[in-house]
Amino acid sequence: MPTKEIIQRIGTLLDLAGVLVIAVGVAVATVVFALRWWRTRQVVDHYRAYRQGVGRAILLGLEFLVGGDIIRTVAVSPTFTSVGVLALIVLVRTFLSFSLEVELDGRWPWQGKGPIGGSSVGARSAR
């Protein structure tokens, strides 16, 4: 089997893994949400955790999809056109990942981890 075909299949497997991670992650988050709702009958209490579960599944799946695109584009057909298309795909997926990360954590990545509901980075401490 030629090397390019092996690389192409690896890229396709990474794409499949990305899709499966997203699908299974969304399904698991939905089942967990439904079970929590069934016990408490409170949607509002569990909605944020559900969104975070779905968001995490999408983020992880996107990482696999980007990996598959990179492997196929760079290793199989490294033309200026294919690299340009890859750059656009990676840019869009990076923006999506960044947006989801901000949505999940409720803060900018450079703000560091602190207690939820605590003071912001630029806030003065009371003395």
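Mentor: Let us begin with a helix pair. The axes of α1 and α2 come within 8 Å and cross at roughly 180 degrees. Axes are lines fitted to C-alpha atoms, for helices over the stretch in contact, and angles run from 0 to 180 degrees between N-to-C directions. Helices (H or I, at least four residues) and strands (E, at least two) are DSSP runs, numbered from the N terminus. This is a predicted model, in which local features need pLDDT of at least 70 and side-chain atom pairs count only at pLDDT 80 or more, while totals for chains, interfaces and linings use all residues. Residues are numbered from 1 along each chain as its sequence is written, and side-chain values use heavy atoms, with hydrogens and water left out.

Trainee: How are α1 and α2 oriented to each other, parallel or antiparallel?

Mentor: Angles under 35 degrees count as roughly parallel, over 145 as roughly antiparallel, 65 to 115 as roughly perpendicular and the rest as oblique. α1 and α2 are therefore roughly antiparallel to each other. By class, their contact has 25 nonpolar, 12 polar and 5 charged residues. Here Ala, Val, Leu, Ile, Met, Phe, Trp, Tyr, Cys and Pro count as nonpolar, Asp, Glu, Lys and Arg as charged, and the others, Gly among them, as polar.

Trainee: Which residues of α1 are buried?

Mentor: Buried means under 20% relative accessible area, exposed over 50%, partly exposed in between (1.4 Å probe, protein chains only). In α1 the buried residues include Ile7, Gly11, Asp15 and Phe33. What covers the buried residues of α1 includes α2 (43-76), contact being heavy atoms within 4.5 Å.

Trainee: What phi does Arg41 take?

Mentor: Most residues other than glycine have a negative phi. Arg41, in the loop between α1 and α2, has a positive phi near 60 degrees. Arg41 is partly exposed, because its relative accessible area is 45%.

Trainee: Which residues of α3 are buried?

Mentor: Among them are Ser82, Leu86 and Arg93, and the buried residues of α3 pack against α2. The C-alpha atoms of Leu86 and Val74 are separated by 8.8 Å; Val74 lies in α2.
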